[in-house]
Every structure is written in C-alpha cells, then in structure tokens.
Amino acid sequence: MKSEFNEIEGDNLRLQSLCKQKEQEVVDILKIKDKLVEERGNVTEVIRQEFADRLVLTEQDNKRMKTELSELRARQRLELERINNEKEEELVEVHKRVRQAIIKKEEDISKIRQNHEAAVKRADHLEGLLESQRKQLLGKKKTTK
C-alpha cells in the first residue's frame, strides 16, 4: 500500500508540477496575448496617425493648388485685359487713320472738282473766243469778197 501511496503521491506531484507548468504556460500565453493586443492597438494608432498625416498633406496640397489656380486665373485675367486694351488702342488708332484718310480723300476730291470746274470755265471761255474769232474771220471773208 505504501508503494501505491508513493506512486499516487508521485503521480500527484507530477500532475501538480504539470498543472503548475500549464498554469505558467497560460500566464505566458496571456502575457503574449496582452502584448499582441497592445501592439495591435499601437498599429491601429500608427495607421490612424499615418492616415491623419496624409490627410493633412492632401489638404495642404489642395490649398496650395487652389492658391496656384487662383493666381493663374488672376494672371490670365490681367493678360486678357492687357490684350483687350492693346486691341482697343489699335482700333482707335486705325479709326483715327481711316478718318484722316477720308478727310484727305474728300479734300482731294474737292480740289479735283475745283480744277474740273476751272477747266470747264476755261474751255467754255476758249470756245467762246474761238467762236467769236471764227465769226470775225467769216465776217471779214464776206466783206472782202
């Protein structure tokens, strides 16, 4: 009986030792689990932080691009206004030159009309002189006959 008792006691000690070992394994596994849960929380926080950083960078890029776009539009408006002003000035200058050309043409036409009228008067006068000389010559020819 003593040997059975010793055997049972040995089994009991071995089982207690095995139980303590398994309890230690459970404690170790729980520690590992807690560590992994904590690391997972850290990873989640790191990912959130990276996402937040990228979001901030994207917002900054968006603001910068909006500013650049606004500046480009302002420059484009100024350039368009400058071009329109230049074209308007060119049109005013062309209009001025056209008016001057028309005035000069009208003056030239007036001079040509005056010259024409003077030439017609001279021609009428000369025709009148020619007619009177012809009559005089005809009158002298009749008297000499």
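The exercises below concern the predicted model shown above.

Residues are numbered from 1 along each chain as the sequence is written, and side-chain values use heavy atoms, without hydrogens and water. As the model is predicted, local features need pLDDT of at least 70 and side-chain atom pairs count only at pLDDT 80 or more, while totals for chains, interfaces and linings use all residues.

**Exercise 1. Overall form**

Task: Find how many helices and strands the chain has, and compare its radius of gyration with that of a compact globule.

Solution:
- Step 1. The chain has one helix and zero strands. Helices (H or I, at least four residues) and strands (E, at least two) are DSSP runs, numbered from the N terminus. Helix H1 covers residues 2-144.
- Step 2. The radius of gyration is taken over C-alpha atoms, and the globule rule is 2.2 Å times the number of residues to the power 0.38. For 145 residues a compact globule would have a value near 15 Å, but the chain has 61 Å.
- Step 3. Along the principal axes, the C-alpha atoms fill a box of roughly 205 × 25 × 5 Å.
- Step 4. As an example inside the helix, take Arg77, which lies in H1. Arg77 and Lys96 are 19 residues apart in sequence, and their C-alpha atoms are 28 Å apart in space.

**Exercise 2. Surface**

Task: State what share of the residues is buried, and describe the nonpolar patch that includes Val98.

Solution:
- Step 1. Buried means under 20% relative accessible area, exposed over 50%, and partly exposed in between (1.4 Å probe, protein chains only). Buried residues make up 0% of the 145 residues.
- Step 2. Accessible areas come from the Shrake-Rupley method with a 1.4 Å probe; for residues, only the protein chains shown count as cover. The chain exposes about 14200 Å², of which carbon and sulfur atoms supply 58%.
- Step 3. Patches are made of residues with over 30% relative accessible area and no salt bridge; like charges are joined within 9 Å, and nonpolar side chains (Val, Leu, Ile, Met, Phe, Trp, Tyr) within 5 Å. Val94, Val98 and Ile102 form such a nonpolar patch, with about 220 Å² of accessible area together.
- Step 4. Val98 has a relative accessible area of 42%, so Val98 is partly exposed. Arg77, at 52%, counts as exposed.

**Exercise 3. Charges and salt bridges**

Task: Count the charged side chains and the salt bridges, then examine the pairs Asp11 with Arg14, Arg82 with Glu79, and Lys104 with Asp108.

Solution:
- Step 1. Lys and Arg count as positive and Asp and Glu as negative; His and the chain ends are not counted. The place of a charge is NZ of Lys, CZ of Arg, CG of Asp or CD of Glu. There are 33 positive and 31 negative side chains, and the centres of the two sets lie 21 Å apart.
- Step 2. A salt bridge is a side-chain nitrogen of Lys or Arg within 4 Å of a carboxyl oxygen of Asp or Glu. The whole structure has nine salt bridges.
- Step 3. Asp11 and Arg14 meet at 3.6 Å, N to O. They are three residues apart in helix H1, so about one helical turn separates them. Asp11 is partly exposed at 33%, and Arg14 is partly exposed at 49%.
- Step 4. Arg82 and Glu79 meet at 2.3 Å, N to O. Three residues, or about one helical turn of H1, separate Arg82 and Glu79.
- Step 5. Lys104 and Asp108 have their closest N and O atoms 3.3 Å apart. Asp108 is partly exposed, at 32%. Elsewhere, salt bridges that share partners join Asp61, Arg64 and Glu68 into one network.
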